[in-house]
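Trainee: I would like to learn how to read aromatic contacts in a model. Please take me through them step by step.

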Amino acid sequence: MEKEKFTDEYVASLTIPEHVAVIMDGNGRWAQAKGEPRTYGHIVGSDVVEDMVEIASNLGIKYFTVYAFSTENWKRSEGEVSVLFSLFSEHLKKLQVKSAENNVRCIIIGDKSRLDDDLNKTIDELETSSKNNTGMTFVIAINYGGRDEITRSVKKIASEVQSGKISPDEITEDMISDHLDTGGLPDPDLLIRTGGEQRISNFLLWQCAYSEFYYCDTCWPDFDRNELIKAIEKFNKRDRRFGGVK
């Protein structure tokens, strides 16, 4: 990886976004370009995730969300999916140690009903062991899709209306937000996508209404502290008006 070129003094001069979300793209293409199988890119990319937890925390980011596996990723080959879930299990267990060392709280979002019992147990153990940590909140999206999340949220609210707990007139944007997987978390200030593609791929559709988007050609296995700070530099140059006029 490129030698760090951004000094602590320079970083201290930047406004650090409170919540950064990342679409970690390019693992497979990165590996294939090196003559390796796609799964090799996922292995290296998983190590980068572990590194970025500590890097993001040290930069002062309060919420860091990564898109690990989408509801559409089940379309990939059985072998690739199997490797991905093996990596999830391995690295979520490692995160129990890393989260304790870095005072990081971990949350997993997405539809967990399709995950196997062992993985759900690992997720429960990680969330429980880190729930009282007061540093950065690290959010991992597994079997997550923005449309699926909104659909599940609507069903929850519809059930509450049907039971008489609330009336349709009481439904607000805040109520919808609270019923999403990310209920209680702030919306992302900055959404980063690596790997050269420029789309959001069904990620945090409701939450990214006013996020700043940053796309870079760097594939996720090559993403490092310098690349993250480059994205934050661009964020600092954006004029965030949220629909108003300054």
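**Aromatic pairs and their surroundings**

Mentor: This is a predicted model. Phe 138 has 0% relative accessibility, so Phe 138 counts as buried.

Trainee: How many aromatic pairs does a search of the whole structure find?

Mentor: The search finds 13 aromatic pairs. Take Phe 64 and Phe 138. Their ring centres are 6.2 Å apart and their planes meet at 20°, so this pair is stacked. The cut-off for stacking is under 30 degrees between planes.

Trainee: Which parts does the pair of Phe 64 and Phe 138 tie together?

Mentor: Phe 64 belongs to strand 2 (residues 63–70) and Phe 138 to strand 4 (residues 137–144), so the pair ties together parts 74 residues apart in sequence.

Trainee: Is Phe 64 buried or exposed?

Mentor: Phe 64 is buried, at a relative accessible area of 1%.

Trainee: What about Tyr 67 and Phe 203: what is their geometry?

Mentor: They form a stacked aromatic pair, with 4.2 Å from centre to centre and 10° between the planes. This pair, too, links distant parts of the chain. Tyr 67 is in strand 2, while Phe 203 is in the loop between strand 5 (190–193) and strand 6 (212–215). They are 136 residues apart. Tyr 67 counts as buried at 9% relative accessibility, and Phe 203 counts as buried at 0%.

Notes. Residues are numbered from 1 along each chain as its sequence is written. This is a predicted model: local features need pLDDT of at least 70, side-chain atom pairs count only at pLDDT 80 or more; totals for chains, interfaces and linings use all residues. Side-chain values use heavy atoms; hydrogens and water are left out. Rings of Phe, Tyr and Trp (its six-membered ring) pair if their centres lie within 6.5 Å; planes under 30 degrees apart count as stacked, over 60 as edge-to-face and the rest as tilted. Helices (H or I, at least four residues) and strands (E, at least two) are DSSP runs, numbered from the N terminus. Buried means under 20% relative accessible area, exposed over 50%, partly exposed in between (1.4 Å probe, protein chains only).
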